Each structure stands twice: as C-alpha cells, then as structure tokens.
Amino acid sequence: MKIVHVASEMFPYVKTGGLADAVGALAGILADRGHEVSVFLPGYRAVLEHKDAAGAERRLPLKIEMGDMFITGEVRVFSPKKNLTVYLICREEYFDRRGLYGTGERDYEDNHHRYIFFVKGVVEALRLLELQADVVHGHDWQAGLLPVILRYAERRHGATLALQTVFTIHNIAFQGIFPMGSFPRTNLPGDLLGIDGLEYYGQVSMMKGGILFADRVTTVSPRYAREIQTPEFGCGLEGVMATRADDLSGLLNGIDPAIWNPTTDPLIPARYGVDNLAGKAACRGELIRQHKLKKDLTGPVFGMVCRLTEQKGLDLLLANIDFFAENLCRLVVLGAGEKRFESALAQLAADTPGLISLSTRLDEAMSHLIEAGADFFIMPSHFEPCGLNQMYSQAYGTVPLVSRVGGLADTVIDADEDPANGTGLSFPPTVEGLHDGLERALRLFRDPTRLAAVRRRGMQRDFSWARAAKAYEALYQDAL
Ligand code: ADP
Ligand code: GLC
C-alpha cells in the first residue's frame, strides 16, 4: 500500500513524547514490511539540524492560500531507508524555532496559523507531487484538519488525493482549540462551523475535524477507545466520539525492539537478557552512582520518566512522597514540564539528598538507564491513552506500578490479583491507590522468588511493533 503519515513528531527527528516514538516506529515497520511509506512533518529546526536531513532535497515551492493571503514555503525531502520518505513542510517563520509548541512558559500565539499552514502544505504537496496515496493517516490535533481540508481540495481540483483517511487520537486532552477568528484561514465553507462541524463551545477544534471527517478513527489502546466515549475521559468530545463509535478502534502501540531492547541497547552500561540479569545489576549500580543515591540501602530503587504534567499523576506522587524517606526507598525522576511540579520535586531532592533525585533535562540515554537500572517504574497517570514506559519497563525487567486506566490497564497484569500471570502492580488513580501500590511493591521486593517470576514474565511478553503494525495493516485493508 501507499501509506502517508502526517504528524508533528517522529523519532529520531523531533520528539516531545510518545507520539514521536509511535509515529517513528509505525512508519519504519510498515516500510520494512514492504509498503511505500511517506511521513510529512513540519520543517522544525530540530529536524533540519538532524544529520539525516542535512542533504534534504528542495523538492517543491509552496504557495498556500490562507484566508485572503498567500503564504509561501517549500517542501524538502529525504529518505532515511528503503520504502520510507520524509517530507518536510518548511517555512522558517513558523517552524524554525527552538520549541515545538511554545516557549515552555506558554503556547505560541500563532499555533493555529502554523498548523493550518502545515496541513494545507501537506495537501498541496500530495496534489502537486501526485503521490496517489491509498491511505492518508493523520495523528493528533496538529493533523486534525487534514481529512476535511483534503476532501475539499479534492472537490475543488477534481482529483483524488487519498482513497481513505485515518485519524489517530494519541491524547484527547490536547485538541488544538482556537478562536473562531482563525477559521477563515482554513478557506473552508462557513457551514462547517456549526455544532456538527468544527465548532467547540464557541471556538474551533482541530481535533474535532479529524474525528468527524476521517473515514476511520483510531486511538492507541482498546480501553482508551471506550474511555473517551465517557464524560470522565472524553474532555468534552465524548458525544462526538460516540457518533463515530462504529468507525473507532483502539490499536495498542508497540515498542521498537531496535531501540528498547536490553540485550542490544547501546545507551546502557551493560546489556542483559531474561536468562542473565547480571547486566541489570550493573545498570542499577550506575544509576545509583550517576544520581548520587545512597549505596548502602537494602530497599528498592524507583524510577519515573515523564512529562511533568497533571496527566502523569504527579500530585499523587507528591502526596505519597513521605513513603520514600519512611521506608528508605530511593526515587529517580527524569522529566520536565510544569514549573509547580519541577520546583516541588527539586525542593524534595534538595531536602532528601541520596534518596530523591530529579533531572529536568530531555535525556534519551538517562531514560534508558532508568528503565534498566530501577527496580520499579512508577506511572500513576490520571489518564493514559497508551503509555510506552510501562512496556519498556517490562522489557527491561523493571516492574511497573501503574494506575488502572487506558493503555496501562491493557498492558500490565497485576501480580497480586493474578499471581500466575502478573507482570506489574496496578491500582486506581488516587492517593490511596498509589500508596497501596507502593506498599505492595515493597512486599514484592522482599520476596525474591516472586519478584524474579514477575520480572521474567514481563521480559517475555511480546509488545513488538510487528504485532501493532499488522493491526494497522488490517485496518487499512478493511477500509480500502
Ligand atoms: P506521553 O506521550 O504522554 O508523554 P508516553 O509514555 O507515551 O507518554 O511516552 C513518553 C516518552 O517520552 C517515552 O519514550 C519517555 O521515555 C520519553 N520521555 C519523557 N520525558 C523524558 C525526558 N525528560 N527525557 C527523555 N525521555 C523522556
Ligand atoms: C500520547 C499519550 C501516550 C501515548 C502516546 C503515543 O502522548 O499521552 O499515552 O503512549 O501518545 O501514542
């Protein structure tokens, strides 16, 4: 099939979270499986500075109608491997910036212009380069307007640009909501603005466009597919989701075994596998050393790697923070995000040296060392569409402690509830829930035979993208 992905992030070129890992791995494996895969990304500074993009060919000048103006840009192209082509929609003014979506303090004020331009640039490139896609697959709000802008362009030019469109929700909490005043820039007909169209409480929702107008809608776990049809998790779009229930499926993400595999991982100090965990002990030692944690404690080391946002349950962690000092447990957190969480954790790290450590860098190597070196990995998310780290943890023999929501519930089997199959510990996303999880982790840690069995089962699970890619293939074929 000719498959075109359209997204704002792709590992290894540009990443703020799991979206990048998911898009990079899915595109790569579909290419390996013989499909002709293209990925469209904004021409961010980070991508243009990546070595693969150094020789990117200037393929096409763009002149994009936005309201009553024409905005220029260009398409640059490079091919990282066989069957995979990356197209960059470039315009310095929009994308040659340090941050992707904002300054860290707040979002850029012209994000609506930037992503309307991006999507229109993609559609224009599909047309002028005659890519003739079987499937055009957009990801998250940045590509939300794609299915609707694509179909209107087809009508206007009398050409078919894609046989089928697919839209994947990686996180319904980020919707790309903008003032009505930005709508004319789309050049879409005004009747699309109603409540059955792009309107969302008096504003415009880009994500709603993807949900309503794509031929198929997917999200990244079966449980999250059900959750987003409820008011508790739907972020105001539950009603819209329900109208697409028949075309909605939840396809679990996978992990890229070329990158997240303890037997081959070049980013960790020692490699190991399910039959020989000596390397894991070496990684643990290195993690303790690098974070200046106390060496002479007998309790476990807990790790956490995540964006420091509400979603990730940092309030639950902070409410339970005394647990670590009371039980002489060590905790390493790697994450950047909201200042209130950064400063609370930084203060705790300063108050309890050797027990709690915080690193606010974006540090790919450190994220691998934490997965490999920790005994337990904590993910007390309030909601989690899929979550990748709990799968990485299992592959690395690190027992995940997760709240029982979304993809976390779909990928972690509780070792107390199901002693024969358990691979982790799960609990409701509450202060008491996490407390119970931490207590149960201590008990598990003190029982080496049971701990070894839980680890082994986790390491033996198949979370590979090969499985996930087959599910997407089947969906594309069914749609076609
Ligand atoms: P989300 O996409 O909601 O952030 P996921 O669990 O799907 O959550 O993916 C998060 C990804 O981002 C993981 O690969 C994780 O290791 C990575 N990550 C998050 N924060 C950092 C950081 N500070 N340094 C390195 N990697 C990080
Ligand atoms: C989002 C979600 C996360 C998911 C990732 C990749 O960022 O928050 O749960 O794993 O997308 O699909």
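Which backbone atom of Gly-387 lies 2.8 Å from an oxygen atom of ligand 2, and what else surrounds this ligand? A backbone N or O atom of Gly-387 is the one placed at 2.8 Å from a ligand oxygen. The model discussed here is predicted.

## Surroundings of ligand 2

A backbone N or O atom of Cys-386 lies 3.0 Å from an oxygen atom of the ligand, and a polar side-chain atom of Gln-311 is found 3.2 Å from a ligand oxygen. On its own, ligand 2 has 310 Å² of accessible area, of which the protein covers 93%.

The shell around ligand 2 draws on several parts of the sequence: Gly-18 and Leu-19, His-170 and Asn-171, Val-220, Asn-253, Gln-311, and the run Glu-384, Pro-385, Cys-386, Gly-387 and Leu-388. By residue class, this shell divides into five nonpolar, six polar and one charged.

## Backbone geometry

The peptide bond from Phe-11 to Pro-12 is cis, with omega near 5°. Pro-12 is placed in the loop between strand 1 (2-6) and helix 1 (18-32). Most peptide bonds are trans, and most residues other than glycine have a negative phi.

Positive phi values occur at two asparagines. Asn-83 has phi near 70° and belongs to the loop between strand 4 (69-81) and strand 5 (84-90). Asn-187 has phi near 55° and lies in the loop between strand 8 (177-179) and strand 9 (199-200). Asn-83 is partly exposed because its relative accessible area is 27%; Asn-187, at 32%, is likewise partly exposed.

Gly-209 is part of helix 6 (residues 206-213). With a relative accessible area of 0%, this glycine is buried. Leaving aside residues up to four places away in sequence, Gly-209 touches Gly-144, Leu-198 and Ala-214. The C-alpha atom of Gly-209 is separated by 27 Å from that of Val-47, which is 162 residues away along the chain.

## Salt bridges

A search of the whole structure finds 32 salt bridges. One of them joins the side chains of Glu-154 and Arg-151, with an N to O distance of 2.9 Å. These two residues are three positions apart in helix 5 (residues 146-157), so they are separated by about one helical turn. Glu-154 is buried, at 12% relative accessible area, whereas Arg-151 counts as partly exposed at 22%.

The side chains of Asp-478 and Arg-216 also meet in a salt bridge, with N to O at 2.9 Å. This pair links distant parts of the chain, since Asp-478 is in helix 18 (residues 465-479) and Arg-216 in strand 11 (residues 216-219), 262 residues apart. Asp-478 is exposed, with a relative accessible area of 54%, while Arg-216 counts as buried at 18%. Elsewhere, Asp-363 forms a salt bridge with Arg-361, the closest N and O atoms being 2.7 Å apart; Arg-361 is partly exposed at 48% relative accessibility. A network of salt bridges links Asp-414, Asp-416, Asp-436, Arg-440, Asp-447 and Arg-450.

Note on methods:
Residues are numbered from 1 along each chain as its sequence is written. Chains are lettered from A and ligands numbered from 1 in the order in which they are written. This is a predicted model: local features need pLDDT of at least 70, side-chain atom pairs count only at pLDDT 80 or more; totals for chains, interfaces and linings use all residues. Side-chain values use heavy atoms; hydrogens and water are left out. Helices (H or I, at least four residues) and strands (E, at least two) are DSSP runs, numbered from the N terminus. Buried means under 20% relative accessible area, exposed over 50%, partly exposed in between (1.4 Å probe, protein chains only). Contact means heavy atoms within 4.5 Å. A residue is near a molecule or strand if one of its heavy atoms lies within 4 Å of it. A polar contact is a pair of N or O atoms within 3.5 Å; within protein, one must be able to donate a hydrogen and the other to accept it, and residues adjacent in sequence count only if both atoms are side-chain atoms. Accessible areas come from the Shrake-Rupley method with a 1.4 Å probe; for residues, only the protein chains shown count as cover. Ala, Val, Leu, Ile, Met, Phe, Trp, Tyr, Cys and Pro count as nonpolar, Asp, Glu, Lys and Arg as charged, and the others, Gly among them, as polar. A salt bridge is a side-chain nitrogen of Lys or Arg within 4 Å of a carboxyl oxygen of Asp or Glu.
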